[in-house]
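Subject: Structure handover

Dear colleague,

Here is the structure for your files. My notes on what was found in it follow below.

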Amino acid sequence: MTWTRTRTCFAACIIALALTPADAMADPHDLICCGAEQVFVTTLERPQEKKWVWQATQSPSIPSEFHKRFRTTDDCKPYEDELLLITSSSGGVALIDRSTKESQFFAVSKNAHSACLLPGRQLAVASSTGGDQVQFFNRDDNQKPAAVVQAIPLLGAHGTVWDAKRQCLWALGEKELLALVADTKSAAQERWTVRSRTPLPSNGGHDLSPNRDGKQLFVTTDTQVLKFDCDTLAFAVADGFGDQAKVKSVDRNVASDRIVFHQATAENWWSDTIRFTDGKKLKLADERLYKVRWDTPLRSPESDSRQ
């Protein structure tokens, strides 16, 4: 072996040792999938192989009697610092450290369909049919489960997105999209109120996700995929979709500008196929998929507030 090759191999070993599992975890070209009790990461090249898997039994801090709360997972949002925020229509919410699979936060929320991190170490959850409200929690609440500190009614609550630019929480319901704002800057006393209510063009609000352009959100309903302008509060049918029914999730990859989405079958809430607006499909045999996200971490509200 030549000295040059020796130095190259040595450098590669040093880099490999320096990369912790957390450093190497998120890859914006990978996909995070949920639907059944397993939340997993897969690659475009080998979609049948699971690169990373989580289920409630792998987090000892979630009491065993609450494992059943994660039988049907319905959202899986990646955040920086290797965090993954998971909700379940079976009634569970968990913030997971991906490197250890440990739960940093756990709560019970009826028919939970979406969650997001908020400033002041708060966390919002869309409690859907049967709950019909946006619930707020203290992320540092160490109770198992954590306690609700505030709730705002919202029929069929299904989506939550924090908008750092406008300092508001967007919350999607069955018939309307709310903008919620904090009425005080004190984290210890922070309370949320409704700033605006925008009726949906069609019923059955389902998925709410950022277009990652700082201007628009993707909104799906029972029969449409829409874009929402956060400044004008106007809706338009999203390019590449037309009027499509039963689209459960939409997510845009900023780096590639590629949009992944999941559409349920006519008979069920799930399917075994990941779809893209460029017409490509990935079939995952024997899986019950509900939402699919690019593994592109969202910024935490704490990071935004430090800028």
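**Salt bridges**

Asp272 and Lys283 form a salt bridge in which the closest N and O atoms are 2.7 Å apart. The pair links distant parts of the chain, eleven residues apart: Asp272 sits in the loop between strand E21 (258-263) and strand E22 (273-276), and Lys283 is in strand E23. Asp272 is buried, with a relative accessible area of 18%, just as the cut-off for buried is under 20%. Lys283 is exposed, at 53%, where exposed means over 50%.

Please keep in mind that this is a predicted model.

Glu287 counts as buried because its relative accessible area is 19% and the limit is under 20%. Lys50, at 34% relative accessibility, counts as partly exposed.

The other joins the side chains of Arg293 and Asp207, at 2.8 Å from N to O. Arg293 lies in strand E24 and Asp207 in the loop between strand E15 (192-199) and strand E16 (208-210), so the pair ties together parts that are 86 residues apart in sequence. Arg293 is buried, at 4% relative accessibility, and Asp207 is buried as well, with a relative accessible area of 1%. Both residues belong to a network of salt bridges that links Asp75, Asp207, Lys291 and Arg293.

**Around Lys50**

Strand E3, which holds Lys50, covers residues 50-54. Which residues does Lys50 contact, leaving aside its neighbours within four places in sequence? They are Gln38, Phe40, Val41 and Glu287. The side chain of Lys50 makes a polar contact of 2.7 Å with that of Gln38, and another, of 2.9 Å, with the side chain of Glu287. Phe40 is ten residues from Lys50 along the chain, and the C-alpha atoms of the two are separated by 6.3 Å.

**Chain overall**

The chain has three helices and 24 strands. Of its 307 residues, 51% count as buried. The chain exposes about 13800 Å², and carbon and sulfur atoms supply 51% of that area. Among contacts with a separation of 6 or more, 46% are between residues 24 or more positions apart.

In soluble globular proteins, nonpolar side chains tend to be buried together. The largest nonpolar core here has 29 residues, of which Val93, Leu123, Phe136, Leu169 and Leu180 touch the most other members. The elements that give two or more residues to this core are strands E5 (83-88), E6 (92-97), E7 (102-108), E8 (112-118), E9 (122-127), E10 (133-138), E13 (168-172) and E14 (176-182). Which strand gives the most to this core? It is E8, with five residues.

A second, separate core has 17 residues, including Cys34, Val39, Ile62 and Phe106.

**Cysteines**

How many disulfides are there? The count comes to zero. Cys33 is in no disulfide: the nearest cysteine sulfur, that of Cys76, is 6.9 Å away, whereas a disulfide requires sulfur atoms within 2.5 Å. Cys33 is buried, at 0% relative accessibility. Cys116 is buried too, with a relative accessible area of 1%.

Regards

Key. Residues are numbered from 1 along each chain as its sequence is written. This is a predicted model: local features need pLDDT of at least 70, side-chain atom pairs count only at pLDDT 80 or more; totals for chains, interfaces and linings use all residues. Side-chain values use heavy atoms; hydrogens and water are left out. Helices (H or I, at least four residues) and strands (E, at least two) are DSSP runs, numbered from the N terminus. Buried means under 20% relative accessible area, exposed over 50%, partly exposed in between (1.4 Å probe, protein chains only). Contact means heavy atoms within 4.5 Å. Accessible areas come from the Shrake-Rupley method with a 1.4 Å probe; for residues, only the protein chains shown count as cover. A polar contact is a pair of N or O atoms within 3.5 Å; within protein, one must be able to donate a hydrogen and the other to accept it, and residues adjacent in sequence count only if both atoms are side-chain atoms. A nonpolar core is a set of buried Ala, Val, Leu, Ile, Met, Phe, Trp, Tyr and Cys residues joined through side-chain atoms within 4.5 Å. A salt bridge is a side-chain nitrogen of Lys or Arg within 4 Å of a carboxyl oxygen of Asp or Glu.
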